[in-house]
Amino acid sequence: MKLTPDTRETLKHYKMLINAYRREFGLSPLNTTQILDDICAYLKYQNAVYIGGAFIQQAGIKKLDK
């Protein structure tokens with residue numbers, strides 16, 4: 001998977017925050033793949049998300065007029 005520098009920086013930032021929190025509670029750190037898996041799982045269970053110019057609802061994709 002090819003990620004932009006901004007995306008890599010964002011993931012690095014959240015990885016640092018997540019793992020700092022996990023350390024406080026004696027949990028093992030997560031790697032980038034695990035964090036991306038969790039992000040995808042979170043998105044899957046949202047009622048709606050806006051990704052890549054598409055408003056995606058549980059029932060399917062709703063096209064937006066531009």
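This is a short tour of a predicted model, one selection at a time.

**The whole chain**

Begin with everything shown as a cartoon. The protein has two helices and three strands, and along the sequence they come in the pattern α-α-β-β-β. Of its 66 residues, 11% are buried. How large a share of the contacts with a separation of 6 or more joins residues 24 or more positions apart? That share is 8%.

**The start of the chain**

Select Thr 4, in the segment before α1. Show its side chain together with that of Thr 7: the two side chains make a polar contact at 2.9 Å. Thr 4 has a relative accessible area of 44%, so Thr 4 counts as partly exposed.

**Along helix α1**

Next, select residues 5-24, which form helix α1.

Tyr 14 and Ile 35 are 21 residues apart in sequence, while their C-alpha atoms are 8.6 Å apart in space.

Move on to Asn 19, also found in helix α1. Is Asn 19 buried or exposed? Asn 19 is buried, because its relative accessible area is 8%, and under 20% counts as buried. Leaving aside residues up to four places away in sequence, Asn 19 touches Pro 29 and Leu 30.

The last stop is Tyr 21, to be selected along with Phe 25. The structure holds one aromatic pair, and Tyr 21 and Phe 25 form it, with 4.8 Å from centre to centre and 50° between the planes. The pair is described as tilted. Both of these residues are exposed. Two values are given for a reason: a pair of aromatic rings is described by the distance of the centres and the angle of the planes.

Select residues 32-44 to pick out helix α2, which has 13 residues. From its first C-alpha to its last, α2 reaches 18 Å, close to the 18 Å expected at 1.5 Å a residue.

**The hairpin**

Finish with the strands β1 and β2. Select residues 48-51 for β1 and residues 54-57 for β2; the two pair in the antiparallel sense over four bridges. Show Val 49, and opposite it in β2 stands Ile 56. As background for viewing side chains here, in a regular strand they alternate between the two faces of the sheet.

Where the chain passes from β1 to β2, the hairpin has two residues between the strands. Select Gly 52 in this hairpin: Gly 52 takes a positive phi near 60°.

Definitions and conventions
Residues numbered from 1 in each chain as written. Predicted model: local features only at pLDDT ≥ 70, side-chain atom pairs only at ≥ 80, totals over all residues. Heavy atoms only, no water. Expected span 1.5 Å × (residues − 1). Phe/Tyr/Trp six-rings, centres within 6.5 Å; stacked < 30°, edge-to-face > 60°. Buried < 20%, exposed > 50% of the residue type's maximum accessible area, 1.4 Å probe, protein only. Pairing = 2+ DSSP bridges. Contact = heavy atoms within 4.5 Å. Polar contact = N/O pair within 3.5 Å; in protein donor to acceptor, adjacent residues only side chain to side chain.
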